[in-house]
Amino acid sequence: NGCDLMDTSHTGINRLQFVTASVVSAIPLARVALSQESPVKESPVRIADVEVFPAHYPMTGYFKFFTGAGGKAGRGVVFVKVTASDGTVGWGQSVPIAKWSYETLETATIVLRDYFAPTVIGLEATNMPLLQSALDGALASGFSIGMPISRAGLDLALHDLSGKLQGKSLAELWGRERGEPLTLSWTLNPQRIDEVDGLIEAGWERGYRNFNIKVAPDPAFDVELARRVKALVPEGFLWADANGGYDVVTALAVAPKLADAGVDVLEAPLKPNRLRGYQALRRQGALPILMDEGIVSPVELEEFIHLQMIDGVAMKPSRCGGLESARRQIELLEKEGLMWLGSGLTDPDISLAATVGLYAAYGLEKPAALNGPQFLTADVLQQPLAIHDGKIDVPSGPGLGIEVSEDKVIELVSKK
């Protein structure tokens, strides 16, 4: 059953055999259908094959979301490989985190393989509206679109494939400029205040000059943490993320104190269903209030804006179903004159490349909290993404702008 998906020891098959078995079961039928059509040269290039490969990236350091049963194995990902009828390949990654979202590595693998992937087989590979419509119909929605973190992996692979087929980068697909290298922010998640200096020093040595802090549920600790960081890095942009960890009373009490301590923006102070609490925090005006976990599609973003709940959003393509949804949200925020910051879900290299391409194309100005390079110790790219002096270069090739090493993917997938 689904709960046993990653435990193959009782079947006698190894992990590589499990990966092979993860190819979408509908693909042979799709290939037959394609073979009966007119020759490829007279027809649009179509989606011929979708494969999914669950794996873990090894990690370093302490990050609270990767602890316990769901995180001790490392940063779980589902690789998504989409092959077109002409042999061109696009890559994506779904990046579930059980302590951040209800989506897990096991459920993401199942829903990609059995629900999302079959809907795109046989469709024109460069018709993004058609592909997105197919994904919309794969699962019923809840409050917002279903299984967005899972969906994002396929969305990224489809963008990669479409860009390669057209010889265009992400920015060019959207009619925009490539953009400049992005300044990064170093994540601080100390368990004790006496750890702060060393954590800042580690980031400083790698060229980082801006820091984001994980706060909640202890407001006294959080204010002390903010003060210490601001004292050590007075010129840096200081971004506090509570991940929904405060109640309304505590959030209203601590927001002015965090502002006095030097915090520039407060992300996700409350659970996203505390609508009146967000309205109260915005009326209070102590800090700009951003939402994260609660915004998946442009629909609820538009509603929350008109309910006057937020000053902006901490964007994550990996959270909101992929690049198409994320860029529409950025455009809505810019239209409304609201703030957007760039963050991620400790994205590995493929998801990171897509995220950087999006943020650069839309001219992100503030430091981006993209901490995959901080915590992850493996890569699957032919040429790893370049980070220097606390900035990350924007990939320049077609699609996501990267070349994936299948040998590295196999090596990562085959590790227990």
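The model is predicted, so local features need pLDDT of at least 70 and side-chain atom pairs count only at pLDDT 80 or more, while totals for chains, interfaces and linings use all residues. Residues are numbered from 1 along each chain as its sequence is written, and side-chain values use heavy atoms, with hydrogens and water left out. Helices (H or I, at least four residues) and strands (E, at least two) are DSSP runs, numbered from the N terminus.

**Helix α3 against helix α4**

- Helix α3 (residues 105–120) packs on helix α4 (residues 128–136) at an angle of about 150 degrees, and their axes lie 8 Å apart. Axes are lines fitted to C-alpha atoms, for helices over the stretch in contact, and angles run from 0 to 180 degrees between N-to-C directions.
- That angle makes α3 roughly antiparallel to α4. Angles under 35 degrees count as roughly parallel, over 145 as roughly antiparallel, 65 to 115 as roughly perpendicular and the rest as oblique.
- The crossing of α3 past α4 is right-handed, a term that applies if the near helix is turned clockwise from the far one by less than a right angle.
- From α3, Phe116, Thr119 and Val120 meet Leu131, Ala134 and Leu135 of α4; contact means heavy atoms within 4.5 Å.
- By class, this contact of α3 with α4 has five nonpolar residues, one polar residue and no charged residues. Ala, Val, Leu, Ile, Met, Phe, Trp, Tyr, Cys and Pro count as nonpolar, Asp, Glu, Lys and Arg as charged, and the others, Gly among them, as polar.

**Helix α9 against helix α10**

- The axes of helix α9 (residues 248–260) and helix α10 (residues 275–284) come within 10 Å and cross at roughly 20 degrees.
- This makes α9 roughly parallel to α10.
- On the α9 side, Val248, Ala251, Leu252, Ala255 and Pro256 meet Gly277, Ala280, Leu281 and Gln284 of α10.
- The contact of α9 with α10 comprises seven nonpolar, two polar and no charged residues.

**The β4-β13-β12 sheet**

- Three strands form an open sheet in the order β4-β13-β12, with antiparallel pairing; two strands pair if DSSP finds at least two bridges between them.
- β4 (182–183) and β12 (387–388) stand at the edges with a single partner strand each, so one side of each is left without a neighbour in the sheet.
- β4 is joined to strand β13 (residues 391–392) by two bridges, and leucine 182 stands opposite isoleucine 392 in β13.

**Backbone geometry in loops**

- Most residues other than glycine have a negative phi, and most peptide bonds are trans.
- The peptide bond from alanine 216 to proline 217 is cis, with omega near 15 degrees. Proline 217 lies in the loop between β6 (211–214) and α8 (219–232).
- Methionine 147, in the loop between α4 and α5 (148–166), has a positive phi near 45 degrees. Methionine 147 is buried, with a relative accessible area of 14%. Buried means under 20% relative accessible area, exposed over 50%, partly exposed in between (1.4 Å probe, protein chains only).
- Aspartate 389, in the loop between β12 and β13, has a positive phi of about 55 degrees. Aspartate 389 is exposed, at 66% relative accessible area.

**Valine 52**

- Valine 52 belongs to strand β1 (residues 47–57) and counts as buried at 1% relative accessibility.
- The C-alpha atoms of valine 52 and isoleucine 110 are separated by 9.1 Å, although these residues are 58 residues apart along the chain.
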